[in-house]
Amino acid sequence: MSVYINDIQKSLKSLDLSSLEGSNILITGATGLIGSCLVDVLMNIGCTVYAHGRNEERAKKRFSNYWNTNRFFFIKGDITKPLDSDVNFDYIIHAASNASPNFFKEKPVEVITSNIIGTQHLIEYGLTHGLKRMLFVSSGEVYGEGTGKAFVETDSGYIDCATTRACYPSSKRAAETLCVSYADEYGADIVIARPCHTYGPFFTESDNRVYAQFIRNVLNGENIVLKSKGEQYRSWIYVVDCVSALLTILCKGEKGNAYNVADEFSNISIKDLAELVAKHSGKEVCFDIPSTPNQGNTTPISAAVFSTEKLYSLGWHPIFSIAEGISHTIDTLSAHNL
């Protein structure tokens, strides 16, 4: 894990997280890509971390270095159920969400309930347990289809709500509205982050997003096979940069506001991303495009890039280029045979 840990240490040097030191912080979705990186970062700054998730076995393996320390606690539970705890958390970072396309197809109801009902449970808990602030980790997918111009936080693109694929962006939109409604009606202090496509090591075995599939291919000694032309154009961000942005929003973001999380220097097409992963591992990108139109595409959105002006105004900036992030991701996973 040395490359990854070095990245975290480098990132911490650019952040002022002194306001979080000594705090009790709950992280939901703690074994996910973003959640687990949040745990790693916060365990380096003197917080007491409460990691919430459904899979204790996965958590014990992922957080073996912290498991028996006095600053780490695992809370097993389903976010769609009320939180089984009596701890007064200073901060909650709600990062629990099924973000893999296979869930959108197989478990759309569960995707919706975790995003909406889970968010309500956490807000209600915070209102009765002295919570200082909650960060809701939403998604850049709330923007839907745009014009190709960079999305700013006040934009709203097209989403076909009468499709199961809409379970994710539509419920993220609703959860954001729930957050600002609680802020207005009950005074809850909540900020919202909208990460773009995030990549990094330690994604779960069920994660079938394209970057995870590409990396599995090369780690297995395989070429990358694209089922489309790979023309979809996206903003991408390395998970360590993503987490530094989330913590900046938690500490400095304005109550009730949403902030894009992206790296404007890491906008790239799916095809170019595949070629970047393949090149690092000495593999090739091949095409096997089905005859049925759109087969193999996980989202109808052709272009999704984000303005980061609002996030930059908080003093944040990315550290790692996409070439570095991909290289560090593959090298970390290779070193741990993951």
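**Close-up views of a predicted model**

**View 1. Strand β5 and its two partners.** Strand β4 (residues 91-94) pairs with β5 in the parallel sense over four bridges; two strands count as paired if DSSP finds at least two bridges between them. Here I92 faces M134 of β5. Strand β6 (residues 190-195) also runs parallel to β5, joined to it by four bridges, and F136 sits opposite I192 in β6. Helices (H or I, at least four residues) and strands (E, at least two) are DSSP runs, numbered from the N terminus. This is a predicted model, in which local features need pLDDT of at least 70 and side-chain atom pairs count only at pLDDT 80 or more, while totals for chains, interfaces and linings use all residues. Residues are numbered from 1 along each chain as its sequence is written, and side-chain values use heavy atoms, with hydrogens and water left out.

**View 2. The two sides of β5.** In a regular strand the side chains alternate between the two faces of the sheet. R133, L135 and V137 point one way from β5, M134 and F136 the other way, and all are buried (under 20% relative accessible area; exposed is over 50%, partly exposed in between; 1.4 Å probe, protein chains only). Because five of the five residues of β5 (residues 133-137) are buried, the strand is largely enclosed by the rest of the structure.

**View 3. N260 and its surroundings.** Take a look at N260 in strand β10 (residues 258-261), which is buried with a relative accessible area of 0%. Its side chain reaches the backbone oxygen of F151 at 3.0 Å. A polar atom of the N260 side chain also lies 3.0 Å from the backbone oxygen of S307. Leaving aside residues up to four places away in sequence, N260 touches Y143, F151, V152, E153, R194, F306, S307 and L311, where contact means heavy atoms within 4.5 Å.

**View 4. Helices α2 and α7.** Helix α2 (residues 33-42) is largely enclosed by the rest of the structure, because ten of its ten residues are buried. Among them are L33, C37 and D40. In helix α7 (residues 210-219), the buried residues are Y211, A212, F214, I215, N217 and V218. The elements covering them include α2, β7 (197-199), β8 (224-226), β9 (233-238), α9 (270-281) and α11 (322-335). After α7 comes G221, with a positive phi near 75°.

Definitions and conventions
A polar contact is a pair of N or O atoms within 3.5 Å; within protein, one must be able to donate a hydrogen and the other to accept it, and residues adjacent in sequence count only if both atoms are side-chain atoms.
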